[in-house]
Amino acid sequence: MVVTGVVAILLAISLPALSASRQRAETMICASRVNSIMQLHAVYSADHDGQWANALPPGASAVEWRFQGLSIRAWGVLVQTGVWNGPLQSGGHYDADEPQEPWSCPVAYREWSDESSQPSAAHDAPMRSYLYSAAMFTRADLWDPTRTVPREALDEYRHEVGVHEVRYPSKKVAISERREWHDSGIELDGPASSAEKKEAAIVNAGFADGHVSSVKIGDAQPAIPQQWPSYFSDSSRWAIPFSAAAWGYRGRDY
């Protein structure tokens, strides 16, 4: 009984430290994967006259289009924040048939690969892991907080942003974790978490100049809330992090 008690005490002491070590390790793995994704985006840009990836090809409907064999109906501009891997796959830079784990947050992949009700859930893990800044494929004036943009006019704001248009590439986030997976699990692109918790959240982010860093959401320029259609979300207003204009709202993004 004494030995059992000692072992129990040692476990109680060591488990929190082990948990913290695992979080740090997964954060580092995630940062490495964001770095790989940023390198793919750079290769894509070099192959497409300096343009960043755009999930909606020319001539595609902003209301409905096909992606990975699925018919997607959503707000055509901003939904691209969650399908960043589409153009990389279609351009041959990212193989949809390969295991998706190297392009996913470790925690997200683990959760989604265990989702028994969705056999293809592991293939969704990259999209569930990272969020593409909407500023990388929209006209900058979409993000003017003084403007009200009718939903039916959103397609007019589609714009393939060029590398040369990002005025502060070392401060402009292009892709980031969509949830603070490694600590609190705060959702950054949805309404579930309080504003205070989101402000304190720290995530891995890839910048337009290619470098990757852990950043605090509260240090970024304010996310501008946008109206989403009711059939796409339970919430009608979302504030997408790092979605200010391509050169940064008020001059910079972060």
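Does Thr81 count as buried or exposed, and at what relative accessibility — which is it? At 5% relative accessibility, Thr81 counts as buried, because buried means under 20% relative accessible area, exposed over 50% and partly exposed in between, with a 1.4 Å probe and protein chains only.

Before we go on, a word on the model: it is predicted, so local features need pLDDT of at least 70 and side-chain atom pairs count only at pLDDT 80 or more, while totals for chains, interfaces and linings use all residues. Thr81 sits in the loop between strand E2 (70–73) and helix H2 (85–90); helices (H or I, at least four residues) and strands (E, at least two) are DSSP runs, numbered from the N terminus. Leaving aside residues up to four places away in sequence, Thr81 touches Tyr130, Leu131, Tyr132, Ala134, Phe137 and Ile240, where contact means heavy atoms within 4.5 Å.

Now look at Arg178, in the loop between strand E4 (173–177) and H5. Arg178 is buried too, with a relative accessible area of 16%. A polar atom of the Arg178 side chain lies 2.7 Å from the backbone oxygen of Met127.

Helix H5 (residues 195–200) leads us on to the second largest pocket, giving three residues to its lining, the most of any contributor. On a 1 Å grid over the protein atoms alone, a pocket is an open set of points where a 1.4 Å probe fits, with protein on both sides within 12 Å along at least five of seven lines; lining residues have an atom within 4 Å of a point. Of the 15 residues that line this pocket, Lys198, Glu199, Ile217, Ala223 and Ala239 lie nearest its centre.

Definitions and conventions
Residues numbered from 1 in each chain as written. Heavy atoms only, no water. Polar contact = N/O pair within 3.5 Å; in protein donor to acceptor, adjacent residues only side chain to side chain.
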